[in-house]
Amino acid sequence: MNLFIEMSKITNVFPGVIANEEVDFSLKRGEIRALVGENGAGKSTLMKSLYGMIQPASGEIRIKGELVTIKSPNDAISMGIGMIHQHFMLIPTLTTLENIIMGVTPVKYGVFIDGKAAKKKVEQLMEKYNLHVPIDVLVQDLSVGDKQRVEILKALFREVDILILDEPTAILTPQETTVLFKMMKEWSAAGKAIVFISHKLREVKEVADSITIMRKGKITGNAINNDITEHEIATLMVGREVSMKVEKTIAVPGDVVLETVDLNVSDNQHLPAVKDFSLKVRAGEIVGVAGVEGNGQHELIEALAGMWSAKTGQMLFKGDDFTHRSIRSRMDIGIVHVPEDRLKTGLCSEMSLWENLISGRLENIKFSRGKGLFFRFKSIADFSKKMIEDFRIKIPDHNYTLKTLSGGNQQKVVIARELSREPQLLLISQPTRGVDMGAIEFIHKELVALRDRGCAILLVSADLQELMNISDRMIVMYEGEIVGEIPGEPYDENEIGYLMAGLQKEVAK
Amino acid sequence: MSEILNIELVAAAIRMGVPLLFAALGATFVSSCGMMNIAIDGSMLVGTFVAVVAGFLSQSLAVGFIGAGIGGMMLALLIGLLIVKLKGDGIVVGIGGNLFAWGITVFILEELFRMKGSFTASPVPSFKAISLPIIENIPYLNTIFSGYTLPVYLSILIAIIAWIVLYRTPIGLIIRGTGANKEAVKAAGINTDMVQIACFAVSGFLAGLGGACLSIANLQGFWTENMTAGRGYIALCAAAFGRNNPKFVVLACLLFGLADAIGIRFQVLQWEPSFVLMIPYIVTILMLWASSKKEVL
């Protein structure tokens, strides 16, 4: 039987939302099929119903020709389906080995863990699939790439022959991605089948045999890789033409707005996270900060925004030291921060749009009388309406709570609030994480427009493509230090990748 | 001072520590799987009561002791279902469980035996001290190691089993994994809700046995309203202080038992009784403060 999976007319319904509507999906032995679509298109939902994490409302699933109902991940695993989640499903305080054998542990005398047998089996697996990870090390001490390999080993240990990879490259350096793709091709050659969920079209073109495109819960296209172009895929994903590159003029940098001098910041474990960091950002330029996540970018931005204190060093705003100023007084002089996690620090999703829009400036004369004592509802409503219009936020009206909004619309709310302060220095982290393509295009344009109005922008992103698209120049962070400065376009992705992986010496050779 | 600090004190500490150890081992299971069973105290109280009542009615020590465990388990199972399956708030449900245990025991006592506040009927079968051969003739060692009731020896055995289960068996790996990252274990194809509910059941059973130690081992078949006096909470502290590892939990319970024993000794010196009764609780606070300051054990 060559057809591994046949899903027909799958419908998944969440309260108020149809996540999948009569979706057909199939997968052949030895095939790598990419499943692409914007965030919220229903890719993950479809795969979760295949992995038994959700029960579809209607539709049929056949595995190797047999009609099945998959009630739990356990069922899926026993049918040979494994899923590698976008967010690692690992236990950081246990070892590689313990994570792999969890739930399918070899035993001796009927009750005790047979550590030796387990280890031998895992080592054979590592050998066979060329996936080497330190076996007795706690998972929290592994690199991101290693963690992903542990996830894959976990699936292989359960002897699956269908692997679902949910956005596996989101956290990898370009080099690690290349290694992953090589392995994927080896597995498919060995008869396993792979579903590759992604929205990075270039990667999809590189690795997939065939491509399924989803939009708003429906399939909008199925194609063999060679028969379709990136541009066509993008159009099918978004439903209209999108410009994948932001139009912008060459930056005309003005005076230095932000300067850091030998800045040192510790992380919450009291370990050095940012080391002797010196940087200048000028008015009217976007400086991109590249780097694999967890190399000090987070701590840098938090220290600059005042959410975390610097250990030593200086931060200057137009020459004035603001190292020890409060968050509020930083805002007052024009330093504005768009945090990386909109749900955690950016918004209060249980509250309404207008409440979110005025948070942080209640005492503004525009919004209240008597320095925050009484609201001016009329003028708040006018302001909210203007924001909805200017930033094209899709919301019925300004009294609605934000929790039902899509990620892209929520992000637009944060951006609207912060950009309407007319910042002189914008600190912005992951501006388009989990945001659909239409909104990405919009946010990028807004950032470039803000730059053209003379704002200095420090942009941190895990998405290298985004950085290359809108940065006027770029720095690369590795283990808290600046390991590379790229003065401007054209950017060499390979070079940046090497710098991100901490391999600058190799480059020098 | 020699009335307080002598070799007998060690024996008293062990005696006072054992009821705590049963409950604390129970708490260890629940904490390991990532939950908190505030109602350990309630299970313990149910245990003290069932041990006396079931023992009296059946005139069987075994029925009293095992019944205490089952009684504690029933309460914990209810609490576990409410928290894990019905997503009740752990603190609210737990406090409810403790108040329920207090109320139901007093209620049954009044309805069934027409007694108020304490159980006074006799005979209630209870544990007698066991002298270990050979050791009983060696000075000092006999005081420390011999002359306890059966549950004292049993508690050590259960502590060892608990350690083996948690750290040497697949189910222990699953329990600890569930505590560290429930979603990950679920994704590995395990019904984590069942794991957590089972841990609640185990905790209730052990806490019930701990309660029985209070009423039919340390005391010879006597029960009074709310007789655990918050020992279940101290057991929770002992589990936390022992970092949910049975090896250290044993030591923590010994320390708390020592505080309890010293408190009782001070009564001999005719100190203000209410101050004396405070000692174990003050020690609890100090120990938790110390453990938060630095990794003590």
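Helix H7 (170-180) of chain B and helix H9 (residues 192-218) of chain B pack at an angle of about 105°, with their axes 10 Å apart, where axes are lines fitted to C-alpha atoms, for helices over the stretch in contact, and angles run from 0 to 180 degrees between N-to-C directions. H7(B) and H9(B) are therefore roughly perpendicular to each other, a label that covers 65 to 115 degrees. On the H7(B) side the contact is made by B:Ile174, B:Ile175 and B:Thr178, and on the H9(B) side by B:Thr192, B:Val195, B:Gln196 and B:Cys199; contact here requires C-beta atoms, placed from the backbone, to lie within 7 Å.

A word on the source: this is a predicted model, in which local features need pLDDT of at least 70 and side-chain atom pairs count only at pLDDT 80 or more, while totals for chains, interfaces and linings use all residues. Residues are numbered from 1 along each chain as its sequence is written, and chains are lettered from A and ligands numbered from 1 in the order in which they are written.

H7(B) also belongs to the side of chain B that touches chain A, where H7(B) and helix H8 (182-187) of chain B are the elements giving two or more residues. That contact takes 16 residues from chain B and 20 residues from chain A.

As for chain B as a whole, it has 12 helices and two strands, assigned as DSSP runs (helices H or I, at least four residues; strands E, at least two) and numbered from the N terminus. The C-alpha atoms of chain B fill a box of roughly 60 × 50 × 40 Å along the principal axes.

Technical notes. Contact = placed C-beta atoms within 7 Å. Parallel < 35°, antiparallel > 145°, perpendicular 65-115°, else oblique.
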